[in-house]
Amino acid sequence: MLGFLLAPVEFVLVTIYAPLMSMKALGDGKISQENVHWLAFWVSWSVLNGVEKITMGIFELIPFYTELKFGLLVYMLIFDRAKVVFDKAIDPVRKKLMDVIPADYIEKLEFDPKSFIMEMAQHGKTFAQQKAKDMQEKANAAKEDSGSKNKKSKGK
């Protein structure tokens, strides 16, 4: 409802304030609490935006979603609670994913992302081709089955 008012403020916070503070935190080259905060913010915000993209805007149907998202942004940025969001929402999901994804996949992705992506694309292509072949065979079998039924009904 208030998206038209909150969107410009969100834009300024995410595209100006957060990057400037992140650069400041990373500029000293030391790992500090501030660095952890900004890294947690960017990971959490990126995951939220990624989920929004994957779900193709379905969250926009939730009443007051824009206001809730803005509240989360303020909570993470202004009240320095990005680490809390990361610890309670992002990290448990990451841990579950790490249990499901084979360790060799994670290792390949970390050390040679390009070859990992190419390998997964080939697996996807092979899988899709097999499924297309299976569907074509089922369609042909159904067509033959309906053709033989039509011949039997015409013969009566």
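In this predicted model, the axes of helix H2 (residues 33-54) and helix H3 (residues 65-77) come within 10 Å and cross at roughly 165°. That angle makes H2 roughly antiparallel to H3, because an angle over 145 degrees counts as roughly antiparallel. The crossing in which H2 passes H3 is right-handed.

H2 also meets a further helix, H4. The axes of H2 and H4 come within 8 Å, and the crossing angle is roughly 50°. H2 is therefore oblique to H4. The crossing of these helices, H2 and H4, is left-handed. Two packed helices are described by the angle between their axes and by the distance between those axes.

**The chain as a whole**

The secondary structure of the chain consists of 6 helices and 0 strands. Following the sequence, the pattern reads α-α-α-α-α-α. The chain has 156 residues, and buried residues make up 20% of them.

**Salt bridges**

Side chains of opposite charge can pair when their charged atoms come close. How many salt bridges does a search of the whole structure find? The search gives 6 salt bridges. Among them are the pairs in the table.

| Pair | N to O distance |
|---|---|
| Lys 69 and Glu 10 | 3.6 Å |
| Asp 91 and Arg 94 | 2.8 Å |
| Lys 95 and Asp 91 | 3.4 Å |

The side chains of Lys 69 and Glu 10 meet in a salt bridge, at 3.6 Å from N to O. Lys 69 lies in helix H3 and Glu 10 lies in helix H1, so this pair ties together parts that are 59 residues apart in sequence. Are Lys 69 and Glu 10 buried or exposed? Both Lys 69 and Glu 10 are buried. The pair also belongs to a network of salt bridges that links Glu 10, Glu 52 and Lys 69.

The other pairs in the table share Asp 91. Asp 91 forms a salt bridge with Arg 94, where the closest N and O atoms are 2.8 Å apart. Both Asp 91 and Arg 94 lie in helix H4 (residues 82-100), at a spacing of 3 residues, about one turn of the helix. Asp 91 also meets Lys 95 in a salt bridge, at 3.4 Å from N to O. Lys 95 and Asp 91 are 4 residues apart in helix H4, so about one helical turn separates them.

Why does Asp 91 count as buried? Asp 91 counts as buried because its relative accessibility is 13%, and buried means under 20% relative accessible area. Arg 94, at 38% relative accessibility, counts as partly exposed. Lys 95 counts as partly exposed too, with a relative accessibility of 47%.

**Loops between the helices**

Phe 64 lies in the loop between H2 and H3. This residue has a positive phi of about 65°, although Phe 64 is not a glycine. With a relative accessible area of 46%, Phe 64 is partly exposed.

Where does Asp 80 lie? Asp 80 is placed in the loop between H3 and H4. Asp 80 is not a glycine, yet has a positive phi of about 50°.

**Helix H1 and the surface**

Which residues make the nonpolar surface patch of about 450 Å²? The patch is made by Tyr 17, Tyr 75, Ile 78, Phe 79 and Val 84. Of these residues, Tyr 17 has its place in helix H1 (residues 3-27). Tyr 17 counts as partly exposed because its relative accessibility is 31%.

Ser 22 also lies in helix H1. The relative accessibility of Ser 22 is 8%, so Ser 22 counts as buried. The C-alpha atoms of Ser 22 and His 37 are separated by 8.9 Å, and these residues are 15 residues apart along the chain.

How values were computed:
Residues are numbered from 1 along each chain as its sequence is written. This is a predicted model: local features need pLDDT of at least 70, side-chain atom pairs count only at pLDDT 80 or more; totals for chains, interfaces and linings use all residues. Side-chain values use heavy atoms; hydrogens and water are left out. Patches are made of residues with over 30% relative accessible area and no salt bridge: like charges are joined within 9 Å, nonpolar side chains (Val, Leu, Ile, Met, Phe, Trp, Tyr) within 5 Å. Accessible areas come from the Shrake-Rupley method with a 1.4 Å probe; for residues, only the protein chains shown count as cover. A salt bridge is a side-chain nitrogen of Lys or Arg within 4 Å of a carboxyl oxygen of Asp or Glu. Helices (H or I, at least four residues) and strands (E, at least two) are DSSP runs, numbered from the N terminus. Buried means under 20% relative accessible area, exposed over 50%, partly exposed in between (1.4 Å probe, protein chains only). Axes are lines fitted to C-alpha atoms, for helices over the stretch in contact, and angles run from 0 to 180 degrees between N-to-C directions. Angles under 35 degrees count as roughly parallel, over 145 as roughly antiparallel, 65 to 115 as roughly perpendicular and the rest as oblique. A crossing is left-handed if the near helix is turned anticlockwise from the far one by less than a right angle, and right-handed if clockwise.
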